[in-house]
Amino acid sequence: MSDHRTLLLAVDLDGDGAHPAAWRRTGRRPGDVLTAAALREAVGAAEAAGFTLATFADAPVPPSRGLDAAGRLEAGTRAAFSAPLTDRIGLAPTLHVTTTEPFHLATQLASLDHASRGRAGWVVGAANGTDDLATIGADALTGDAARRETADVVDVARLLWDSWQDDAVIRDVATGRYLDPDRVHHVNFTGAAFSVTGPLITPRPPQGQIVVLAPAELEIDAHADIVLVGEADTDALTRRAGRARSSGAALAFAEVEVVLDADEPGARRLAALDAATPWPDSGRLRYAGPARGLVELLRSLAPNVDGVRLHPAVLATDLPVLAGQVLPELVAAGLYRAPEPGSTLRSTLGLPRSANRFAAPANTTA
């Protein structure tokens with residue numbers, strides 16, 4: 001692998017930021033729901049900065065309790081709201097395979113791809129705590145069963161996205177036929193815990209296949225387009241990224257939490273936030289300091305990963321620094337290129353549009 005390559009950059013836009021005490025720096029009251037205006041501002045700023053992809057975290061139950069409890073709309077709803085406000089940034093909500101019916105999950109993501117004209121991604125969630133599963137009246141799964149169900153849901157979603165061929169919709173006014181039923185297919189999938197007949201109730205997504213991002217800890221690398229690697233040790237991160245690609249994932253992204261110098265040094269900002277509510281160790285790389293230090297960290301990661309997902313501690317403070325100081329430096333160094341308006345997420349990532357598995361192969365001549 002070369003020592004100089006272009007990175008892809010994602011940013012997580014959950015709530016007020018990745019730090020549990022982020023709301024204390026925004027003027028909002030404890031438990032307030034993030035407003036549509038705040039979401040519009042964050043997504044607009046991320047797109048204007050030139051990020052490849054915005055992700056939206058979610059969980060069946062709030063990630064924290066008491067004063068730090070986050071009020072937020074479901075991630076798929078936030079991504080759908082953002083779709084008509086943007087024209088080039090990818091939009092990837094976290095949707096959980098353990099608490100959502102696979103058919104509905106696949107339909108929601110296909111609808112997002114249509115709404116965004118081909119910019120949808122999916123961060124695979126597999127919340128498996130007792131409280132998480134209690135939201136649907138189910139019991140937590142064991143490790144092997146959880147991995148199997150996660151892989152099954154991704155597999156059936158991919159089948160459902162292919163269940164309509166690209167030319168299934170014919171809109172023949174003369175005959176009154178909207179679609180060709182011979183080009184819409186039952187998937188007849190049977191997994192370990194569920195079965196789905198299909199087909200999907202929406203036409204095939206513009207991208208063909210939604211971009212699937214899977215956290216490395218789910219151990220479903222072969223089913224993903226992007227594996228999100230959270231390792232605090234850079235050597236371990238490099239090894240895990242290599243294993244993801246060798247297992248079949250097209251791309252591997254490093255997970256990096258950031259607290260940048262702004263009105264005061266990043267280390268001091270982090271200490272003040274932690275004094276209110278400590279930021280739990282997620283096992284990811286965490287950087288606190290000046291923008292130039294983050295640029296150097298990203299430069300050092302570039303030979304070993306295909307991209308980075310940044311988790312700003314406080315969006316209102318860290319996102320402007322990323323936009324004004326970090327991304328411009330990466331662009332100037334030839335390490336980053338912003339997506340083009342109107343491009344699909346797959347094309348921005350360098351992934352081909354997927355062939356439909358139900359379509360007959362194109363005729364070829366010798």
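Trainee: Which residues of helix α8 are called buried, and why?

Mentor: In this predicted model, Ala291, Leu294, Val295, Leu297, Leu298 and Leu301 of α8 (residues 291-301) are buried. Buried means under 20% relative accessible area, exposed over 50%, partly exposed in between (1.4 Å probe, protein chains only).

Trainee: How do you know that the buried residues line one face of α8?

Mentor: Look down the axis of α8. The buried residues fall within an arc of 160°, so they line one face. The arc is taken from the directions from the helix axis to the C-beta atoms.

Trainee: What covers them?

Mentor: The cover includes α6 (234-246), β11 (251-260), β12 (285-289), β13 (307-312) and α9 (315-332).

Trainee: Why is threonine 107 called buried?

Mentor: Its relative accessible area is 11%. The cut-off is under 20%, so threonine 107 counts as buried. Threonine 107 sits in helix α3 (residues 102-115). Leaving aside neighbours within four places in sequence, threonine 107 is in contact (heavy atoms within 4.5 Å) with Leu200, Ile201 and Thr202.

Trainee: What makes a set of residues a nonpolar core?

Mentor: Its members are buried Ala, Val, Leu, Ile, Met, Phe, Trp, Tyr and Cys residues, joined through side-chain atoms within 4.5 Å. The largest has 81 residues. Phe51, Trp122, Trp161 and Val308 have the most contacts inside it. Helix α5 (residues 143-162) gives the most to this core, with 8 residues. A second, separate core of 14 residues includes Leu228, Leu251, Phe253 and Leu345.

Trainee: What limits apply to the values?

Mentor: Local features need pLDDT of at least 70 and side-chain atom pairs 80 or more, while totals for chains, interfaces and linings use all residues. Side-chain values use heavy atoms, without hydrogens or water, and residues are numbered from 1 along each chain as its sequence is written.

Conventions:
Helices (H or I, at least four residues) and strands (E, at least two) are DSSP runs, numbered from the N terminus.
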